[in-house]
Every structure is written in structure tokens, then in C-alpha cells.
Amino acid sequence: MPGAIYAEGLVKTFGDVRALDGVDLDVPEGTVLGLLGPNGAGKTTTVKVLTTLLRPDQGRAVVAGIDVLKHPNEVRRSIGLSGQFAAVDEYLTGRENLEMVGRLYQLSARDAKNRAGELLERFNLAEAADRTAKTYSGGMRRRLDLAAALVVSPPVMFMDEPTTGLDPRNRQALWDVIQELVAGGTTLLLTTQYLEEADHLAHDICVVDHGKVIARGTSDELKARTGGERVEVVVHQREQISPAREILSGFGRGAEVAVDEHTRKLTVPVTGGAKLLAEVIRDLDARGVEIDDVGLRRPTLDDVFISLTGRHAENGSTNDDNEEAAK
Ligand SMILES: Nc1ncnc2c1ncn2[C@@H]1O[C@H](COP(=O)(O)OP(=O)(O)OP(=O)(O)O)[C@@H](O)[C@H]1O
Ligand SMILES: [Mg+2]
């Protein structure tokens, strides 16, 4: 039986751009799917198709047991959506925005008021509740938009980069709310550029690039597939990156040494554990490479992402990034 969110062979083109190139998804009820991918990969397009905002050129989708293409209105009644760009009414106050959503979902005036108050508290907006949204900062708008998506708890939720632009405290607050929702049986599809977030919240992860799902599995499965441990070295001076890279590539058995010039950090996948680490340190020392930090660590989701897409996951994507990706 297909899950609460199901898609098969979704294709969507915009002129020459194949935004979706055959996306398949299956999200079991009551679980969280993390959709990861670089800018322009097709995450928002996927969310738009599944939430009836965009018609695919090809493919099929079923959400909460309802065919998305045949019965879009029914689907809309069963889902909640928080988009990448906050959709709040600027001229209403935070409280009014939330009460309006409650009324749209047929809550009584009293229930809508209570729910709005609860959410304003939850998202640290109580103080600003009676100011119009146009006076809100970017992070406040984002939180208001998220609160609006949570006024009623629909069986299926979509969140497109929910915590982009949130400070750590508010991010944690949202994670808590999400975990409660899911514990209550909600199915969630979440896109994010924060791999830590996917690690923390998602049961399953799909990595998309160029409109295709290029890997899927649990965070642990993906990490295991990326293979072994990493040696990570931070050299003291930029000039020492080059000799350090040479030495590390000898330990990497053909794997490429990843270099972050800015932080002077070099990373290479290895097999051999602590003994090998001692050898690395000895060889660096012999070449006169001064080390600020060195260690052995298991692959992170970021390593998975880089090895699959050749790129870092970026934080805080904007419209401009999208335009760049389209070029
Ligand atoms: N309305 C549109 N018209 C033309 N091209 C579009 C449109 N919407 C999306 N695209 C293109 O489709 C591709 C996928 O875009 P999408 O917004 O789904 O990416 P994304 O994975 O959400 O990226 P980001 O991480 O930047 O949010 C991009 O190349 C984008 O430029
Ligand atoms: Mg997007």
C-alpha cells in the first residue's frame, strides 16, 4: 500500500529546464521524509506538485490517499503547507493572521483565538502579536508563516526550508513542535539545507539533484554507503595546505582530499583507524606542517551530500540562488 505521500515518475519542465526528471517518492504514514539537494535541484517544484500548486507534465501523485491531479481540492483540505517564502498578510497583525487561518479551517471564533494565542507563545511572537506583520523581521515572518501552517494539524504536512533564517533558539522550538506533530501521527515532507536538521528529524532521506532522486535511505544508511572514517586536519597556515594535501592523499587510497581553504581544513576518507592517525601526524610533522587540529571522525550527512552531488549543502538559499541555478 502506498504511503501518505506517494509520487511516481513526476516530470516538470520550464522551457529548457527539466526541474523534475522522474521523481518517485513513498513516505509511510507518521514518518518524516527529508528532501535534500543543492539549489535548483527540484525540491520546491516537488513540494508544489504534491501540494497542488503546480501541475506536472507527467507522473502521478497520491497524498493522504487522494489523487493529487484528479482531486486537488480534496487534497488541499488534508494538508498543511509552509512554503520557502513566507506567505503572511502584511496588513494584518500576527494574531489576526493566525485567527484568520483558523477561521478558514472552520474553527469556531473561540477556538481560533485560543489556537492563535498558543502558537504565538510557542513561536516567541507573543510580544509582537498585535503589530502588523509588515513590521516583522525576516525571522519573525518565517515563524508566523510556520505557525499558520500549524493552526490545524492536518494528516500530511509539507515544509519547504522551514528553519532557513531562524536563530538557534527558534529552530529548536520548531523542531520540538515538529516532533510533537509527528508523534501525533502527522506525515511530514521537509526540505532543508541544514543537514543536521535532516539528521535530527527525518526517518528517511532522499537526495535530489537535477530533478532526480540520486540516493535514498536513512541517515545511517547513507553515511555507511559513503564509507569509512575521515581524517580531518586543520593546518596552521594557508601555505601548508599543499604539502598536507600531498601527505593525506597518500593515506586516502585514491580518494580525493577535500580542502576548505577558508578554514584550512583538509578531509580524506580512510580505513585504518587510530593507528593510521598516528602515522598521519608523524608524516605531517616530518614535513614541518604545523597542525591546529587533527582527528578521526565518522562521515556526516554533509560528507554524504558532497560525495553524491559534488557540492556543499548551502545555508540560506534565496531567490537569487534559484536564478543562478537556472542559468
Ligand atoms: N516558475 C519557474 N519558471 C522557470 N523555471 C523554474 C520555475 N520554477 C522553478 N524553476 C527552475 O526549476 C529548477 C528547480 O527549481 P526548484 O525551485 O524546485 O529548486 P530547489 O531545489 O527548491 O532549489 P533551492 O534550494 O534554491 O530552493 C531550477 O532550475 C529553477 O530555476
Ligand atoms: Mg526551493
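This report describes the fold, cores, helix packing and selected residues of a predicted model.

Residues are numbered from 1 along each chain as its sequence is written, and chains are lettered from A and ligands numbered from 1 in the order in which they are written. In this predicted model, local features need pLDDT of at least 70 and side-chain atom pairs count only at pLDDT 80 or more, while totals for chains, interfaces and linings use all residues.

**Overall architecture**

The chain has 12 helices and 14 strands. Both are DSSP runs numbered from the N terminus: helices are H or I with at least four residues, strands are E with at least two. The C-alpha trace spans about 75 × 45 × 40 Å along its principal axes. The chain is divided into domain 1 (5-223) and domain 2 (228-298). These bounds come from an automatic or database domain assignment. The C-alpha centres of domain 1 and domain 2 lie 40 Å apart.

Of the 327 residues in the chain, 41% are buried. A residue is buried if 20 or more other C-beta atoms lie within 10 Å of its own, exposed if 12 or fewer, and partly exposed in between, with C-beta atoms placed from the backbone. Among contacts with a separation of 6 or more, 68% join residues 24 or more positions apart. A contact here means that two C-beta atoms, placed from the backbone, lie within 7 Å.

**Nonpolar cores**

A nonpolar core is a set of buried Ala, Val, Leu, Ile, Met, Phe, Trp, Tyr and Cys residues joined through C-beta atoms within 7 Å. The largest one has 68 residues. Those with the most contacts inside it are Ile 5, Leu 50, Ala 61, Val 63, Ala 147 and Leu 189. Helix α5 (residues 138-149) gives the largest share of this core, six residues. Another core, of 13 residues, lies apart from it and includes Val 231, Ala 244, Ile 247 and Leu 266.

What does Val 63 contact, leaving aside its neighbours within four places in sequence? Its partners are Ile 5, Leu 50, Val 68, Val 75, Ser 78, Ile 79 and Val 156.

**Helix packing**

Two packed helices are described by the angle between their axes and the distance between the axes. Axes are lines fitted to C-alpha atoms, for helices over the stretch in contact, and angles run from 0 to 180 degrees between N-to-C directions.

The axes of α3 (residues 94-104) and α5 come within 9 Å and cross at roughly 20°. The two helices are therefore roughly parallel to each other, a label for angles under 35 degrees. On the α3 side, Gly 94, Asn 97, Leu 98 and Val 101 meet Leu 144, Ala 147 and Ala 148 in α5.

The axes of α9 (residues 241-251) and α10 (residues 273-286) come within 10 Å and cross at roughly 150°. That makes α9 roughly antiparallel to α10, a label for angles over 145 degrees. Ala 244, Ile 247 and Phe 251 of α9 make the contact with Leu 276, Val 280, Asp 283 and Leu 284 of α10.

Helix α11 (residues 301-309) has Leu 301, Asp 303, Val 304 and Phe 305 as its buried residues. Their cover includes β3 (32-36), α7 (195-201), β9 (204-209), α8 (219-226) and β11 (229-235).

**Positive phi**

Most residues other than glycine have a negative phi.

| Residue | Phi | Site |
|---|---|---|
| Glu 161 | about 50° | loop between β7 (156-160) and α6 (168-183) |
| Arg 264 | about 60° | loop between β12 (258-260) and β13 (265-270) |
| Gly 310 | about 75° | just after α11 |

Glu 161 counts as buried, with 24 C-beta neighbours inside 10 Å. Arg 264 also counts as buried, with 20 C-beta neighbours inside 10 Å.

**Two partly exposed residues**

Ser 153 is found in the loop between α5 and β7. Is Ser 153 buried or partly exposed? It is partly exposed, with 13 other C-beta atoms within 10 Å. Leaving aside its neighbours within four places in sequence, Ser 153 contacts Leu 181, Gly 184 and Thr 186. Ser 153 and Thr 186 are 33 residues apart along the chain, and their C-alpha atoms are separated by 7.5 Å.

Arg 18 lies in strand β2 (residues 17-27). With 16 C-beta neighbours inside 10 Å, Arg 18 counts as partly exposed. Beyond neighbours within four places in sequence, Arg 18 contacts Thr 13 and Gly 211. The C-alpha atoms of Arg 18 and Val 88 are separated by 30 Å, at 70 residues apart along the chain.

How values were computed. Parallel < 35°, antiparallel > 145°, perpendicular 65-115°, else oblique.
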